[in-house]
Amino acid sequence: MALLEVNNIRKSFGKTEVLSDISFSLEEGEAISIIGSSGSGKTTLLRCLNFLERPDGGTIRVRDEVLFDGSDPKRLSEEEIRRRRLHFGLVFQNFNLFPQYTAIDNVMLAPKLAAREAGKNRDDEIRKQAEELLDTMGLSNRMNNYPGQLSGGQQQRVAIARALALHPDILCFDEPTSALDPELTGEVLRVIRELAENRTTMIIVTHEMSFARDVAERAIFMDGGVIVEQGDAKQVIDHPREERTKQFLASYQK
């Protein structure tokens, strides 16, 4: 049984269908890259997995637990949505750090809230974990800096540490380098590459084609809200079978 199984996910905004019958699976320790033009549905798919959007149909299953079933009309409570969301960690394009909190406070915030909801005081343990995560990100000397005092690359590495702090089953990246200058892109890609080498289960939406090919075992090409092609990352990106995939990749220097 795959760690993640997504079957026939559909999503529309008004009369515009954004996702149509999206299906794929993800094994534990595997990384999948998702590529495609702007507006192809990549970000909406991540938002559906993270319950930031509610799909119109289909199923999402993690570790054989059904997180979403479009055939079930019951409305999930906010508490249940928060619980199911914990299976996924999401790193946004624009960091989304809280500017009033230091780097370490940004990383500690969600675990502290979760512990307090459970009636536990784990502040010391949570702080130690946050320090270790930021050290792993190469930010041990920036823990007490506010986001406005950090470069874009440093802010994104704080955001990655924050996503890891709740120990998600699957780490999702939504164009993690799109808001960065080329000079800062490399430092974030190096961190993601190290996570892949450590067998972190990941879904990576990216426009960096060579990175998508080299860091992921499999690649998915989306266009117009559908999966046009999926398979071995090197095959999809270097030797695509579908004409639409070939047209898309022809515009990139790989």
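Me: What makes strands E3 and E9 count as a pair in this predicted model?

Reply: Strand E3, residues 31-35, is joined to E9 by four bridges. Pairing takes at least two bridges, so E3 and E9 qualify as paired strands. They run parallel, and Ser 33 stands opposite Ala 219 in E9.

Me: Which way do E9 and strand E10 run, parallel or antiparallel, and how many bridges join them?

Reply: E9 and E10 run antiparallel, and six bridges join them. At least two bridges are needed for a pair, so E9 and E10 also qualify. Strand E10 covers residues 226-232, and its Glu 229 stands opposite Phe 221.

Me: What lies between E9 and E10 in their hairpin?

Reply: Two residues sit between the strands of this hairpin. In the turn you will find Gly 224, with a positive phi of about 60°.

Me: What makes you call strand E9 mostly covered?

Reply: E9 spans residues 218-223, and five of its six residues are buried. Buried means under 20% relative accessible area, so those five residues fall below that cut-off.

Me: How much of the chain is buried?

Reply: Buried residues account for 50% of the 254 residues in the chain.

Me: How many helices and strands does the chain have?

Reply: There are nine helices and ten strands in the chain. As for its contacts, take those between residues at least 6 apart in sequence: 63% of them join residues at least 24 apart.

Me: What makes a residue part of the lining of the largest pocket, and how many are there?

Reply: A lining residue has an atom within 4 Å of a pocket point, and 31 residues line the largest pocket. Nearest its centre lie Arg 82, Arg 85, Leu 86, Ala 110 and Leu 166. The volume of this pocket is about 1,100 Å³.

Me: Which element gives the most to the lining of the largest pocket?

Reply: Helix H3 does, with eight residues. Other elements that supply at least two residues each include helix H2 (78-85), strand E6 (88-91) and helix H5 (152-164).

Me: How do the residues of that lining divide into nonpolar, polar and charged?

Reply: The lining of the largest pocket has 17 nonpolar residues, six polar and eight charged. Arg counts as charged, so Arg 82 and Arg 85 belong to the charged group.

Conventions
Residues numbered from 1 in each chain as written. Predicted model: local features only at pLDDT ≥ 70, side-chain atom pairs only at ≥ 80, totals over all residues. Heavy atoms only, no water. Buried < 20%, exposed > 50% of the residue type's maximum accessible area, 1.4 Å probe, protein only. 1 Å grid on protein atoms, 1.4 Å probe; cavity = no way out; pocket = protein on both sides within 12 Å on 5 of 7 lines; lining within 4 Å. Points joined across faces, edges and corners; volume = space filled by probe spheres on them. Contact = heavy atoms within 4.5 Å.
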